Amino acid sequence: MAETGDLVSIPALLARNASQFANQPAYREKEFGIWQVWTWAEAADEIRAIALGFMALGLKRGDFVAVVGRNRPALYWSMVAAQMCGAVPVPLYQDAAADEMAYVLDHCGATFVVCGDQEQVDKVIEVQDRIHHIEQVVYVDKRGMRKYDHSRMNWLADVVAEGRAAHWRFDEELNHRIAELDYDSTCVMLYTSGTTGKPKGVVLSNRNIIETSKNSAEFDRLRPGDEILAYLPMAWVGDFIFSVGQAMWTGFCVNCPESATTMMNDLREIGPTYFFAPPRVFEGQLTNVMIRMEDAGRIKKAIFHHYMKVARRVGPDILDGKSVGMADRLAYFIGDKLVYGPLKNTLGFSRVRVGYTAGEAIGPEIFDFYRSLGINLKQLYGQTEASVFITQQPDGQVRSDTVGVPSPGVEVRIAENGEVFYRSPGTFVSYYKNPESTASTKDAEGWVATGDAGFFEEATGHLRIIDRAKDVGKMADGRLFAPKYVENKLKFFPSILEAVVFGNGRPMCTAFVNIDLNAVGNWAERNNIAYSSYQELAANPAVYDMIRGHVEEVNASVAADPMLSGCQIHRFLILHKELDADDGEMTRTRKVRRKIIEEKYHDLIAALYDGRTSIYTETEVTYEDGRKGAIRATLRIEEATTQPGPAQRMAAE
Amino acid sequence: MNAMDIEAAPAAADAPRIGGVLMEMRNITLRFGGVKAITDISFDIREGEIRAIIGPNGAGKSSMLNVISGFYVPQEGEVWFKGKRRPQMKPYEVAQQGIARTFQNIALFEGMSVLDNIMTGRLTLMKTGLWSQALWWGRAQAEEVEHRAKVEKIIDFLEIQHIRKTPVGRLPYGLKKRVELARALATEPKLLLLDEPMAGMNVEEKEDMCRFILDTNDEFGTTICLIEHDMGVVMDLSDRVVVMDYGKKIGDGTPDEVRSNQAVIEAYLGVQHD
């Protein structure tokens, strides 16, 4: 499978899989408590029927088909069916509010919208009085839909039935449209979550997706028979590459969980061999394990801690194939039988051959915990515009503080100002209807600015990312300010969910802290601290004490780095509400939107710098259904001790 | 195996939702010793409607529900069900007739899983005997698979997949109520009796429960009779309302009619003495 040959589109890959892997499982979905399976041949048949049904409904070449809902085979199939018809699939974030959805639907001019269920249909109907180009709405789950006006709405099963019935009429036209697809036709359009401004539609061609899938699949030796769990938002480029691109290229099986709430259980039942998760999933799982171990009996606890110590010492080396003494190997073997094996089984990681985390920095303790258990967890660095992969870590060269070497086929260079640029076959075609942004991001030679600042380590050739290039600034006295660097260190503590550090152009650094309700709530319970709400817990003096401890630890570690010692946090406060994508404070992929936070909480920031010890504030919040409310709170501001950094000492002498 | 294939709903879209009289109470009087809990009450429940019984504390609402469910036998009056006068019956006979209920203070098997609790709702529908079920062999096995499939549809309908295997005792109150509704639905009732389905819930749980009650009525065409204290809920949900006070019926009609009924206003807000 080295050359792509005439496999120049996803439908072409599907046809190959349907003949080559006809009876192997292609999709599974848990429904009614049982895993339902479709082989490649069955899936190809369903997808073709959907495509015929779309034709019968009047889908034209070049139309845009928005797809919105949780990960389900039917929605993945709809995307491929749209491609067959010569249309462009546009997956949307299913938790987006109607307004956000309206922007994207309007921008791409979608004519068809495929919805998972009633909830999504309601949002589409809500925006239809502003957007008039939607011709057909198709839904997968029939529940609650009986009373809707169906003059321009269809149940997907009906579309499929209609497509099958109409195949004599459309077979030839459909075959013709599939044959028209080539390497340069648009494969998918994905909207970036956009930490700044409105989302941009990233146009990715078949070449982008298939070349990237081929290269990355070969890099990790993915093969038919591998299993993945598709649970990350369909609108995110990673899910498209893993669940569509790589799945179609290698012919492995895509498993869809029963619902978002059963994801952990489904993970255990499937036992994927190839697994991707953002750091917060790994953090959450580790926190759960630790909370449960706190409640375990003394003997169990002792065994767990003893063997985890062994694992931390020798586990990563064994995984990397380095030489380890006989005694340690024996101890690790026993630990595997007693602790690691059962633990991996509980977490659903027993069969993971290749695991990736990306999107945010992962805490070294968390990263090492999973690796010491023998899980081949690696890091990659990428973005939508690159069809995910820019750099990734090869087996055996894994560290928590780098993001690896350039992926196969990708060239990377570092600009004068430290910004990372790349060029690859996966580099996006353009931003849809936005030539200015395209031109400012991608130059004539195809180099794309990532917006991240980083450098290559000379000894290993691995890339290290410091921060977003535009977030890196200077403090009032000219020292380097890299907020993300400090925030990540803070977030490595289980009790801190989010942190936002300020200090650009200011004399000192300050921070907002969001506590993790799960971890801190459990801690409060064990320490007999009563609370009735998130807000009350966040304002508790004992919680402040604990967080101050964490901040001071981070200060000590930041102080050790001469370049960044100015970024120590002098004053901080604990926010009374969780930063939330519904309030626009974060992106849907949970990245902090600095600008918006700075505007929204300008009163709090002012208080951080004018020496006050408490401040009264009112904050507007948006509920999931779009209604708005306000919460009021008086927040305390505390000081944290800072260390004299090496740079400061030099300056003083 | 088709992901999109859900069981076709029985109620046809174009048929009128509310049909003829399903159950009729004729001059019911119920006494406990010297105490008259219900005095000469008559009303009917139509097929496919949501019928509410409301009233202040001690008005006799739960007693009325128990008469409907056949648990109490009234000293006077007749209960007519599906056009026939209903004789005195054992609770399981009532269940076999297609009447299911939930309780004000949840009555689930705390130590059993959610799935097993809901399966008990299928008991009256199982045909194989005790021995073949215990041996789980032949016909009994096939039958259990069939019933499990039905139960899974209900689990899916009420969105409780994530607690399928969780013992009921570990669940929060709102979810227990939902499991109880699931068990009642598992008997495939014609008439579903809900005794204060919303009691003790927070706003969000109430909204969920309302949605499930409406969906049940809508998707399965189940007739629902409910007792509820939350007036907002009652007025939004129900098609017709019976108002009781001190064991007597003081109002009967659509929510709007009931709301403007002077006797009802007095019972709820009190009477001004001048």
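Predicted model: local features only at pLDDT ≥ 70, side-chain atom pairs only at ≥ 80, totals over all residues.
Let's start with the layout of chain A. It is divided into domain 1 (10-208), domain 2 (386-469) and domain 3 (473-652). Take domain 1 and domain 2 of chain A as a pair: their C-alpha centres lie 31 Å apart. The two do meet, with 14 residues of domain 1 of chain A in contact with 12 residues of domain 2 of chain A.

Now look inside. In soluble globular proteins, nonpolar side chains tend to be buried together. In this model the largest nonpolar core has 127 residues, and Tyr27(A), Phe54(A) and Tyr370(A) are the ones that touch the most other members. The biggest contribution to this core comes from helix α2 (residues 40-56) of chain A, which supplies 10 residues. Where does the core sit relative to domain 1 (10-208) and domain 2 (386-469) of chain A? Both domains give residues to the core, so it lies between them. There is also a second, separate core of 53 residues, and Val501(A), Tyr534(A), Ile569(A) and Tyr601(A) are included in it.

Leaving out residues up to four places away in sequence, Phe54(A) touches Leu59(A), Ser78(A), Ala81(A), Ala82(A), Cys85(A), Phe112(A), Val114(A), Val138(A) and Val159(A).

Next, follow helix α2 of chain A to one of its partners. Two packed helices are described by the angle between their axes and the distance between the axes. For α2(A) and helix α6 (residues 156-165) of chain A, the axes come within 7 Å and cross at roughly 85°. That angle falls in the range from 65 to 115 degrees, and α2(A) and α6(A) are therefore roughly perpendicular to each other. On the α2(A) side, the contact includes Ala49(A), Ile50(A) and Phe54(A), while α6(A) brings residues including Leu156(A), Val159(A) and Val160(A). Sorted by type, the residues of this contact of α2(A) with α6(A) are 8 nonpolar, 2 polar and 4 charged.

Helix α12 (residues 298-319) of chain A packs against helix α14 (residues 364-372) of chain A at an angle of about 75°, with their axes 7 Å apart. That makes α12(A) roughly perpendicular to α14(A). Here Met308(A), Ala311(A), Arg312(A), Gly315(A), Pro316(A) and Leu319(A) in α12(A) meet Phe369(A), Arg371(A) and Ser372(A) in α14(A). The contact of α12(A) with α14(A) divides into 5 nonpolar, 2 polar and 2 charged residues.

Asp6(A) is exposed, with a relative accessible area of 64%. Asp6(A) and Tyr183(A) are 177 residues apart in sequence, yet their C-alpha atoms are 9.2 Å apart in space.

Over to chain B. Not counting residues up to four places away in sequence, Asn66(B) touches Phe71(B), Tyr72(B) and Arg101(B).

Finally, a word on backbone angles. Most residues other than glycine have a negative phi. Asp40(B) has a positive phi of about 50° although it is not a glycine, and Lys82(B) also has a positive phi of about 50° without being a glycine. Asp40(B) is found in strand β2 (residues 35-46) of chain B, whereas Lys82(B) lies in the loop between β4 (76-81) and β5 (84-85) of chain B. Asp40(B) counts as partly exposed at 46% relative accessibility, and Lys82(B) is partly exposed with a relative accessible area of 46%.

Notes:
Residues numbered from 1 in each chain as written. Chains lettered and ligands numbered in written order. Heavy atoms only, no water. Core = buried A, V, L, I, M, F, W, Y, C linked by side-chain atoms within 4.5 Å. Buried < 20%, exposed > 50% of the residue type's maximum accessible area, 1.4 Å probe, protein only. Helix = DSSP H or I, 4+ residues; strand = E, 2+ residues; numbered from the N terminus. Domains from an automatic or database assignment. Contact = heavy atoms within 4.5 Å. Axes fitted to C-alpha atoms, helices over the stretch in contact; angles between N-to-C directions. Parallel < 35°, antiparallel > 145°, perpendicular 65-115°, else oblique. Nonpolar A, V, L, I, M, F, W, Y, C, P; charged D, E, K, R; others polar.
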